[in-house]
Structure formats: C-alpha cells, structure tokens
Amino acid sequence: MTTRRVTWTQANARRLARQGLTAPAKTSPAGIAAAMLGAHAQVLSAAELSVALRLDGGATRADVREALWTDGSLVKTYGPRGTVHLLAATDLPLWTGALSAIPAGASPMPTAVRMTAEQTEQVVAAVGDALIGAELTIDELTEAVVERTGPWAADPVMEAFQGKWPRWRQAMHTAAHRGALRFAPDRGRKATYTSPGVTPMDGPAATAELMHRHLRAYGPATPAHFAKWLAAPRGWATEQFAASAGEGRIEEVAFEGGRAWVAAGDTEFPEEPPRGVRLLPYFDAYAIASQPRELLFPGPAYGRALAGGQAGNFPVVLVDGIVAGVWHQRRSGRRIAVTVEPIGDALGAARRRELTQQVEHLGEMLQGRAELTVGAVTVGPHA
C-alpha cells in the first residue's frame, strides 16, 4: 500500500479550516473550544478572543463569558501542560481521564519544597472534599486543605510573585486533572474554586480518544508533537501511538520528509493553500500546537515571534497561514490602540486592507473601537 504524502501547505490549510480560522464556524463557544482542544486562559481576555474570533455571527467576548459563567458550557480549569484553559464542559470527563493518566515526571521543585506521593494524594483528596458544594478563595481553600491534612501543607516554601505560597499549591493542577477542582466566578478581585462534579473517564480510553482528537485538529503529528503539546514523556507518547496504530485507530503518512500519523481514514486534505490575514492573541492554541514550528514561524519570524522557542508569548499575525508579524493592544476606555509589526514583506497593499478589516473586527469582538498603527512593537513577551 502506498503511503499517503501530505505537504505542510495541505496540513496547514486543513488545520486552519477545522479551527474556524479559514472562515468563522457556525457553532457555539463550547464547540470551538472542543475543536481547538482548549483555549489557553492564563490571560483570560486572550482566551475570550481566541474563541470569539473563530465564531460566526459577530461573536464578542461577552458571548464567551456567558458560556463560561452563566450557562456553564465552558469550564475554566487546569488543562494540557498544567496551564489554565477554557474547555468544553461536556469534554471534562475526557480531559480529566486523559490528563490524570499521564505519568508524572520528576518534580521541578527543589527537594525541600517537594511533597511525597502520599502527601499529594492527601492534598487531592482534601481539595475534592472541601470544594463539594462550595466556592472558596485560595486563602479559604488553603485553610480547608491544612485542616484536612496537617500544618506541613501550609509551609510557605513555594516561590511566588510576591512572597511565598504554601506547599500544597504545587498540587493544584494535579487536583484539577483528577476532577477535584475547577475555577468558579471571581469574588470581587479574588479567584474562587469549586468542584467540577464529574467522574473522569477510564485513563487508557480517554488518552486514546484525546490523541485521536489531537490528530484530527493538528495532524499529521508525531509522538514527539503530542508529547510536547501535553508536556508528557516522549516514550509514553510513543507507546500510545503504537497501541492505537495496532488497533487500527491511526495510520501513517509521509509528512515533510518524515513519518507522521493521522486518524484512521482521515486522509483528505485541501489542495488550495490557505489565504487571508488573522490576528491571534497570546497563547493561541493554533500557534502552540501546530508543528513543525519552524514552518509556522519561518525565517526571521522564528526569532522575532518566539520567546526562547516558546510559542504564545507574543500575539501573532498570520498571513496565508504562517506567522508574518507580531502585534500588541493597549486599551483606554472603549479605545483600543493596536500596533502591528510586520516581519518580512508579507503585508503588501492588499494585505494591509485585510489587516485593517481584522483590526476593526478585533475592536468589535472586544466591544470597543480599535485603531491600527503599523510600526515596532516595543512590549516584551508575556511571561
């Protein structure tokens, strides 16, 4: 049997289309979050924009907030790589089942800061118990965890922005991955947490399904791509691919001179290259998950738009599906000053007109009035 060959241009065009980046999708915020496999929400306004820009019908950040805090079709929690994401609520059993099944690597914490495996289990159980039927601030949750575990959990040993955090907080993402914690609406300026009220899927089944969805959204992909996206051990990812290949759930293709995989039967790709200008915010899922990264960030874009090789730290301008600029916004009331710094010569006269339209659309999504300036972006990467 002849191995299907897939070019970068074909893969890129399909990824863009499936994410609502070729044309806005006629679906809901939760539908978009499911298609893009989560919107990175460490900066919540960026997640709101990531979702809204993919939606048809003049969606705004208010629509995303309603889905998150009013109808509950979106959930804010710790997702892939242990970072905060917006996920479709209906997918939460899948996510918790898969993320809790990833082998834990060596702790990045200094020896004196780390918790034992037994202590981690105690913290996860305490968090789950404390949050049933409650919405607690971090201070209230700390008090509840310490009451249920012991004073060691309160030891101020974790380096924080100002001061130190209690020891137990290093297990917050673990508690979320086990289905014990998610974010609740803010109480004033303070974040609160509650129970997701879900039962995680069986780990192996959830992992296989998440890998299948990743291949549909970002394939062709390799075990190394999947491992990087999840911050998981590469050997473990290789085992997952081998098992799914043995079951006939995925199939091999030739991609950019090497071996890669797609979901079984999912071998149709567009012949037309991607076209158009798009503005992607901080940590947009497309910029983070699309591989090979050197093709998405070609030439000088690799040095300018990546921070030490880390995608997402700069908002980026896509021109015909590749990164061709960085941008920044500054808001004052309803006025949104948008500065776009082109990389190379991809922004000719026709593209400038598209860029202007995209900036106007950005203002509409953010419920303001956006004004474009083309020039140097002097703001550094988001940490």
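Is Arg216 buried, exposed or partly exposed? Arg216 is partly exposed, at 37% relative accessibility. Here buried means under 20% relative accessible area, exposed over 50%, and partly exposed in between (1.4 Å probe, protein chains only).

This is a predicted model, where local features need pLDDT of at least 70, side-chain atom pairs count only at pLDDT 80 or more, and totals for chains, interfaces and linings use all residues. Residues are numbered from 1 along each chain as its sequence is written, and side-chain values use heavy atoms, with hydrogens and water left out.

**Salt bridges**

- The structure holds 21 salt bridges. Each is a side-chain nitrogen of Lys or Arg within 4 Å of a carboxyl oxygen of Asp or Glu.
- Asp266 and Arg216 form one of them (3.5 Å, N to O). Asp266 sits in the loop between strand 11 (258-263) and strand 12 (277-280), Arg216 in helix 9 (residues 203-218), and the two are 50 residues apart. Helices (H or I, at least four residues) and strands (E, at least two) are DSSP runs, numbered from the N terminus.
- Asp266 is buried, at 7% relative accessible area.
- A network of salt bridges links Arg14, Arg18, Arg216 and Asp266.
- Glu341 and Arg304 also pair (2.9 Å, N to O). Glu341 lies in strand 15 (residues 335-342) and Arg304 in helix 14 (residues 300-305), so the bridge ties together parts 37 residues apart in sequence.
- Glu341 is buried at 15%; Arg304 is partly exposed at 24%.
- Arg167 meets Asp155 in another salt bridge (3.1 Å, N to O). Arg167 is buried at 11% relative accessibility, while Asp155 is partly exposed at 27%.

**Cavities**

- There are 2 cavities of 30 Å³ or more. A cavity is a set of points, on a 1 Å grid over the protein atoms alone, where a 1.4 Å probe fits but cannot get out; lining residues have an atom within 4 Å of a point. Points are joined across faces, edges and corners, and a volume is the space filled by probe spheres set on them.
- The largest cavity holds about 80 Å³. Its lining includes Leu16, Arg275, Arg278 and Asp320.
- That lining divides into 5 nonpolar, 3 polar and 3 charged residues. Ala, Val, Leu, Ile, Met, Phe, Trp, Tyr, Cys and Pro count as nonpolar, Asp, Glu, Lys and Arg as charged, and the others, Gly among them, as polar.
- The second largest cavity has about 60 Å³. Among its lining residues are Met36, Arg81, Trp229 and Phe283.
- Helix 12 (residues 285-289) gives the most to this second lining, with 3 residues.

Definitions and conventions: 1 Å grid on protein atoms, 1.4 Å probe; cavity = no way out; pocket = protein on both sides within 12 Å on 5 of 7 lines; lining within 4 Å.
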